[in-house]
Amino acid sequence: MATSDAHGPNPPVGESATAIASAVCSGETSAVEVTKRHLEWIERTDESIGAFLLTTPEWALETAEAVDRAVAGGKANDLPLAGVPLSIKDVLCTEGIPTTCGSRILEGWRPPYTATAVGRALGAGAVPLGKVNMDEFAMGSSTENSAFHPTRNPWDLERVPGGSSGGSAASVAAFQATVSLGSDTGGSIRQPAAFCGIVGLKPTYGAVSRYGLVAFASSLDQVGPMARCVRDAALLFDVVRGHDPADSTSIPDRIVADKQPRPKRSLPWSKALAEIAEDSPEGSLKMSCTRAIEAALAAGSRSLEGLRLGVVSELSGEAVDASVSAALRRTLDVATELGAAVEEVSLPSFEYALSAYYLIAPAEASSNLARYDGVRYGLRVPADTVFEMMERTRAKGFGPEVKRRIMLGTYALSSGYYEAYYGTALKVRTLVSSDFSRAFDHFDLLISATTPTTAFKLGEKVSDPLAMYLSDLCTIPANLAGIPAVSIPVDCDSQGLPIGVQLMAPVLGEVLLLAVAACLEAAVEFAVRPPAVMDFGP
Amino acid sequence: MALTPDQVAHIARLARLALTEEESAVYATQLSQILDHAAKVKEIDTSKVPPTSHPVRLANVMRKDEPRLGLGPKDVLGEAPEAEDAMFKVPRIMDA
């Protein structure tokens, strides 16, 4: 493991979650030692990056001490994330620890309960280093909508890290945390992952509990992992996934096991996939993604032999920048070399997906955010009557983008416009799902660029909301259809900025999705080495 | 389509947002642009398409109806801007 030198802590490069957990469990290092080193690194780097809204050293060290005690007590097997440094997007509730959602309206609020996903990660031994920055209420694609401060991209400090999970992506890319929990409503995990050169998974809607995730658009929101490699993302996903009685939209484990999509043709590791599915008596598919990745990687140079991969026409060509398009083409060549059959496929409804999303998401948001009324928690601006109090509280507490979306949603749902806007958008949503279903009749997975461009400069798009919305062009269809999608970094453009590629799978197809992503990752050999961080001097 | 300042004021009232005149003017322009883009959904024939409000269809998931403890009044009221006698306190809701 990396050590401190005379100049202070080096960036703890190359440490995967798996390596940390195994070193902690074998006694080679301790969770406390790993935690201290990461806290020092955050102290050193975060003035430049601005990933954290709050660091929680006491909570982290208490948790790490408990992990070390559990390991000493012979409980290492129950701790797949033993000592793994975790950053938590500030949209996830943490009992007694401030949770702001990047908004002044929740400044200082201490939730009375912890989100299920956070609780499960901590239960597996992860160490919470703090709460990370985000666009206010997860609305945005650059983290510039945070009410507190911007976050900078570790690859180029003049550029945005993407959003809304920009703090999660930057903290992982800058080696401040090994993994992070983010949330994705229209691309908020995958787009910042692509901008920061890391891996981000948006799971199937309902695969991870939303209990304790502050709601933005309830039918689209999903909690997911972000990490520097596919295996670490899979490990965190394996830990946090699964049915939760506290979230009525979380999918029962039995259904998850029964509805696993199977590869169209036999793959070199199909047998291992079948064994993993059978070897789960409670239908829980325990640790199935990490196990599938090992099996797939063991297949070697023709690991994707038989895989049918569809390239989405609507999300390539003129829709994306030339550098991104070229990186996608190189990735397709890699997939072909590994044995995959790559073909283009058209999903015509995608042309309308962005428009539908920017009616549906604001409509749900306008309803969800009605709860911030100055009565039960958060900010209150005093006034003589209750309506004045609410209007002033919301005017002061919400930032411009949140107000814009609340107004947009209120309009789309208002009498006389409901059918024309919201009603039609819901029908377009059906068309997007049908297009996916048709494509998945022929293809195991679909592939596209994750973002139309690489990371843009701070301030470049803040005054043009529509231009900002276009950042989500490629990621939105997966949210509308509820399917899982992962972004993996594959290359850098001529300016040294990372480029991500997105893989999409049918509902509940995370096992196949992540195993294939790991094979591609191993073949493209992308290294997370953001220069601004690597050069960080004493 | 262009939203009028009156329409913006009406939406803001429905959404309980007190806007300055300057904000109303900016939102009138921006919301009009966004709605123009969103109106693209009307270009495609959806007359025979059912709406989807939930992406993954689930049969009703039932659980046993067993009483259990929720959060206590102290936890619930602990973060309120103003509370009194186990109740949230608000300014008057009717005209004097």
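Predicted model: local features only at pLDDT ≥ 70, side-chain atom pairs only at ≥ 80, totals over all residues.
Residues are numbered from 1 along each chain as its sequence is written, chains are lettered from A and ligands numbered from 1 in the order in which they are written, and side-chain values use heavy atoms, with hydrogens and water left out.

- Cys93(A) has the sulfur of Cys101(A) as its nearest cysteine sulfur, 7.3 Å away.
- With 2% relative accessibility, Cys93(A) is buried (buried is under 20% relative accessible area, exposed over 50%, partly exposed in between, with a 1.4 Å probe and protein chains only).
- For Cys229(A), the nearest cysteine sulfur belongs to Cys289(A) and sits 14 Å off; Cys229(A) is also buried, at 19%.

**Helix 7 against helix 10**

- Helix 7 (residues 230-240) and helix 10 (residues 288-298) of chain A pack at about 150°, axes 7 Å apart. Helices here are DSSP runs of H or I with at least four residues, strands are E runs of at least two, and both are numbered from the N terminus. Axes are lines fitted to C-alpha atoms over the stretch in contact, with angles from 0 to 180 degrees between N-to-C directions.
- That makes helix 7 and helix 10 of chain A roughly antiparallel (over 145 degrees; under 35 is roughly parallel, 65 to 115 roughly perpendicular, the rest oblique).
- Contact residues (heavy atoms within 4.5 Å) include Leu235(A) and Phe237(A) of helix 7 and Ile293(A) of helix 10.

**Aromatic rings**

- The structure holds 15 aromatic pairs over all chains (ring centres of Phe, Tyr and six-membered Trp rings within 6.5 Å; planes under 30 degrees apart are stacked, over 60 edge-to-face, the rest tilted).
- Phe137(A) and Phe398(A) pair edge-to-face, with centres 5.9 Å apart and planes at 75°. Since Phe137(A) and Phe398(A) lie in two loops, their pair ties together parts 261 residues apart in sequence.
- Tyr358(A) and Tyr469(A) are stacked, with centres 3.9 Å apart and planes at 5°. Tyr358(A) sits in helix 12 and Tyr469(A) in helix 16 of chain A, 111 residues apart.
- Tyr358(A) is buried at 4% and Tyr469(A) at 2%.
- Ring pairs join Trp109(A), Phe137(A), Tyr372(A), Tyr377(A) and Phe398(A) into a cluster.

Key:
Disulfide = S-S within 2.5 Å.
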